Amino acid sequence: MSVAVAVTVLFWVSVATLAIGLARRARLWRTGREADVEWAGLLAVPKRYFVDLHHVVARDPYIANTHIATAGGAFAALVLVAINYGLGLYAPVLDWAILLAAGVMLTGVYFVWMRRRHPPLRLSGGAWNRLPYTLAAFALGLALLTLVPSQTLSAGIAIAALALLLAGSAELALGIGAGGPMKHAVAGLLHLAFHPRPERFAGVRSTALSPLKLSNHDFGTRKPSDFLWTELLSFDACVECGKCEQSCPAFAAGQPLNPKKLIQDLVAGLSGSNDSAYAGRPYPGIPIGSHHGELSAAIVPKLIEAETVWSCTTCRACVEECPMLIEHVDAIVGMRRSLNLTQGEVPGTAPETLSNLRETETQGGHARAARYNWAVDLDVPIIEPGKPADLLLVAGEGAFDMRYQRTLRALVKLLKAARVDFAVLGERERDTGDTARRLGDEATFQSFAKRNIETFASLDFKRIVTSDPHVLHSLRNEYPALGGKYTVIHHTALLAELAEQGKLQLGKSPEARALTYHDPCYLGRYNGETEAPRALLRKLGIEVREMQRSGLRGRCCGGGGGAPLTDIPGKQRIPDIRMADARDVGADVIAVACPQCTAMLEGVAGAHAEVLDIAELAAASLEARP
Amino acid sequence: MRYPSIFTPIKLNQLTLPNRIYSTAHAEVYAEAGGMPGDRYIRYYEEKAKGGLSMAICGGSSPVSIDVPQGAWRPVNLTTDRVIEPMARLAETVHRHGMKIMIQATHMGRRSAYAGDPWPHLVSPSGVREFVHRGNAKAIEIEDIRRIIGDFAAAAKRVQASGFDGIEISAAHQQLIDQFWSPRSNMRTDEWGGSLENRMRFGLEVLTAVREAVGRDFCVGLRMCADEFHEDGLDHEVLKEIAQRMCETRMIDFFSVIGSGADTHNTLANCMPPMALPPEPFVHLAAGIKSVVDVPVLHAQGIRDITQAERILANGLVDMVGMTRAHIADPHIMKKVREGREDQIRQCVGANYCIDRMYSGSDTLCVQNAATSREATMPHVITPAKDARKRRVVVVGGGPAGLEAARVSRSRGHDVVLFERNSAVGGQINLAAKAPQREQMAGIVRWFDLETKRLGVDRRLDTEATPEMVLSEQPDIVVLATGGRSFTDQVANWGAKDGLSVSSWDILSEKVAPAENVLIYDGISAHAGFGTADFLASRGATVEIVTPDAKVSDDVGGTTFPIFYRRLYAQGIIPTPNFWLDRVYAEGNKKVAVLRNEYTDELEERVVDQVVIENGITPNTELYTSLKDRSLNRGQVDLASLYAAEPQPALQEATDGERFLLFRVGDCVSMHNIHAAIYDSLRLCKDF
């Protein structure tokens, strides 16, 4: 048997092995719940891969180029081998092409190897560390095979080449089916095809949680098989690059959450194994090796501890950074829903907040009638049925906080200065249910949404404005699925619009100190609004000293997702880290646009930059007008 | 939510107030000739409005009738239509900042002195003389009653016409309505006296007439006392009965309740509780009234702290808290609370400088805030100098004058160095706070201490400044506030140099221990003399206090000397007025004090263990003398500019560290009080 035939045999054996492995893997994925899948997604994979995925990967040019060379070379080589050897053509010209592809692949592998010599901490080791060698073996085997003319091919070299090929094929064929690192290639491509949020590929910032069908007894994710099958598939796409880990505020604060480990634990749950094979950094404070998962066993606490699930601020920084477009926050909220709805196990003061919501329709247990107490002397109209207003101002829970009332008073002053026809809900305003939803209390959220939608239906307004990005996100992005469709605008966007139209005459800000702007996650990442606040600051003549993590990649203040309520201990507090970011750019003032960010950043102990809402800065400029 | 009770709006008739803190009616003594609120009056209330107060009731004891003398306290004259226009200006001004305003209207009856325009015959239910004001009065006649009821209604109409938000009828402090209520002053046997129903008749008719005049929707409150603290007066139970009956008429929108009668010196001192009294001493009485009425009850008296107010409101004791003196000390309390700047609130300490001045017919001023009621010229908020260059200001002395100079100069944006010889700032206030029940004087220092730190004044404590040290700072301006030293060497025969006598400072600073049998000679008759006597007695000494003045603590105001006298008698301190101290000599281990009677020149001797001299201070001038000739302005303050509250002309001169300006403030010029020291600095430094 010639060497070429041996390669053909090896090829087909590999294909068969891969097919069997994939079938077994697919059977695992398919234990997940049915998802609405558009098969046309398969056709869209090239675009999603080369445009959407590459957009994320390209933020790191080293690895982007390395991956292009390695994956591109490997893919080309595999296709060529399939043609030349799989079909038994044995055309020398194709051998040259294979040699070229192997060369490209080998170049890429060299850079993989280089990086793995001094890997960044975020990168997982373990099985991933063998990749440069197995892939190099594959490429070298092909090179040897195609480079050395068959006439001069000694038995020794032939065996060596075949051995190398065998090693490489094992990684690609056997490894994928057995859940090795290379499974990311197949799972990743399929994930692009069947992504649970396909609208992401249409340029939409898809951030709304999907409603649970409570009437169908859908109470969230208790066990791995409660995930959508497309979600289970997505976990296999993870390349353990640790970009999520690096961006996670809870991880940075030493809280027991690491999004990468979380996904890997879910993979372990999928395959019914324990986490001892995981070779990355652990959840801070929780040792590796003692957790084990089963497809149909409860995830918490055997596979993942509850503290991990409750540490998340839902800031979506991990999702923003993930080159494989995995949806970590959806997975976490899914697990929270189960913990909350079926076990009532919510830590910290969150149960108090949830019962406050149910009893008083406010988070703090306030009287609803007290929400606009701060506006009594400002002569703010209250909307009534039959009394229309252009703009409905929804103040949110911040209205009960004396600090935040200053922002609201500043906003009212600006709306009045711009002669905007606006009104507030007064006693009619109840919580949006946003915090309940982040805490997994989907039932309370849906009930609030239903009541609010009824309230809004009885009133006549054109747009809703709010200074609270959480209210904004809830009303703008999550109410539509429950039947409430409104035009909702954040106060910074409205003020920028009014200033642009000349209705709001802003003077130069008297603020002379160095200023930075902190993007609220629910405004920036959740709603893509990073420009209006900056435009407004520019209008005030303020130059923003940007922090390293800003805009869509801004660092969370720690206030999202009910995290201040669940209050999982860490080594330091997230807002302290954010305040240090501001200090690093020498800012004396940190401009904010969210009541949560205001409260979290002002809560930083010791001397720190002054926290001022953009509305406050703008209102101060009214006084400075000539 | 912080201060949830304070920031819960409240309705008074048709008014909605954004928070539960207000300022009660007090005699401002600011009204212009004829009892018209003028610029100063309006600015005083505008400042409170800017500061976020929900409501002010102005014009304490503003008379509705022309037979009430108006000379002494310059109230607002509600007897004439001429008052409508200036009152309307006041209302319009404060409304612009969102504050509501009401006025207190009254007839004072016998609570006045006839000797002044219009030289009236005062009226009182039974013509019984009032003690505090030497108020001789005739028994009121039915014609007077009818006239005065009509006057109340006419005054109320004027208040309404001026755009005010309401009117408060006073039946407190023993004014005419409560003179009718109280058996102390009403011994009538006709339908206006005798039974409670009869005694209440006048007040009810006044309210009926007022309500008729202003209609249902105008806010009308009643100010009343909840216990006169007199055996023969109205007690709490009777006053509850009165309040309940008044409330049942549905004519009253709120009750403003105080504790204590006011027609003796001793009860008067309770009304505006000085620092010697415990916090909120009478809130339980207001709560008693609240238990029998169903309209809001408002209460002030010794509530000086915002958390205290919150607690009182949260406990449901009353519905609104008056913080009147607190707002005299700092009109921006509510703004600071809203902005989370509570630690920047200049808190009233209950020194009662304001009210003690008022009772002597002087304008109300604050011991620690020289800007209050001087809003036209003196800023409450010091803003950085706009065009002036950054100067280097050296202040020597960390007493009230120096602290204010440092605070104001720093707030103007200059680099400020403050030298203080002692290890803590405060100067003589620290000594004043040593006296029993005067500890809260330290609160004045606390604020300056916090503010100078917050603002970043370069404070050099434990550092006695020499001319070389001052000059080495390369100052543009030097402000000397070096104070003085105890002036025990004014009379050589007092023997201070020879150790025959010691100073009040020696005692208060505990440099010298009190002896067993002590004579204290008080040549000043202000707070320090009796404070030292009390300090000595509290440590077991037998004390005699001698003064050439007509009475002990003669220069201490009407709400403070009664506190001193309570303690004087309780401690067994012997008061010996009308004697000079001529000489002290030693006899064995005893001291003999030779006293001379002011009026007979007779000499008396006292054999004691210790003679303590309180004779005020003599200025420290050493530093001034050595710097004067080196300064550009030879240490001179341009008086015309200073008194006109204008910048010192010398500020135009170029200064560079070698060439500097030199000014003096406070006691290092001549002995002044705390207010005067602070005012010296504010008016000088506000234009740096």
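Chain A has a secondary structure of 25 helices and seven strands, where helices (H or I, at least four residues) and strands (E, at least two) are DSSP runs numbered from the N terminus. This is a predicted model, in which local features need pLDDT of at least 70 and side-chain atom pairs count only at pLDDT 80 or more, while totals for chains, interfaces and linings use all residues. Residues are numbered from 1 along each chain as its sequence is written, and chains are lettered from A and ligands numbered from 1 in the order in which they are written.

Biologist: What radius of gyration does chain A have, against that of a compact globule?

Modeller: The radius is taken over C-alpha atoms, and the globule rule is 2.2 Å times the number of residues to the power 0.38. With 626 residues, that rule gives a value near 25 Å, and the value for chain A agrees with it, at 28 Å.

Biologist: Which helix gives the most to the side of domain 3 of chain A that touches domain 4 of chain A?

Modeller: An automatic or database domain assignment divides chain A into domain 1 (3-193), domain 2 (213-343), domain 3 (358-500) and domain 4 (515-623). The C-alpha centres of domain 3 of chain A and domain 4 of chain A are 21 Å apart, and 29 residues of domain 3 of chain A meet 27 residues of domain 4 of chain A, contact requiring C-beta atoms, placed from the backbone, within 7 Å. Helices H16 (402-417), H17 (434-438), H19 (469-478) and H20 (491-500) of chain A each supply at least two residues of that side of domain 3 of chain A. The helix that gives the most, with nine residues, is H16(A).

Biologist: How many residues of chain B are in contact with chain A, and how do they divide by class?

Modeller: On the chain A side of this contact there are 13 residues, and on the chain B side 12.

Biologist: How far apart do the C-alpha centres of domain 2 of chain B and domain 3 of chain B lie?

Modeller: Chain B is divided into domain 1 (10-359), domain 2 (392-485 + 619-685) and domain 3 (488-615). Six residues of domain 2 of chain B are in contact with 10 residues of domain 3 of chain B, and the C-alpha centres of these two domains lie apart by 31 Å.

Terms used: Contact = placed C-beta atoms within 7 Å.
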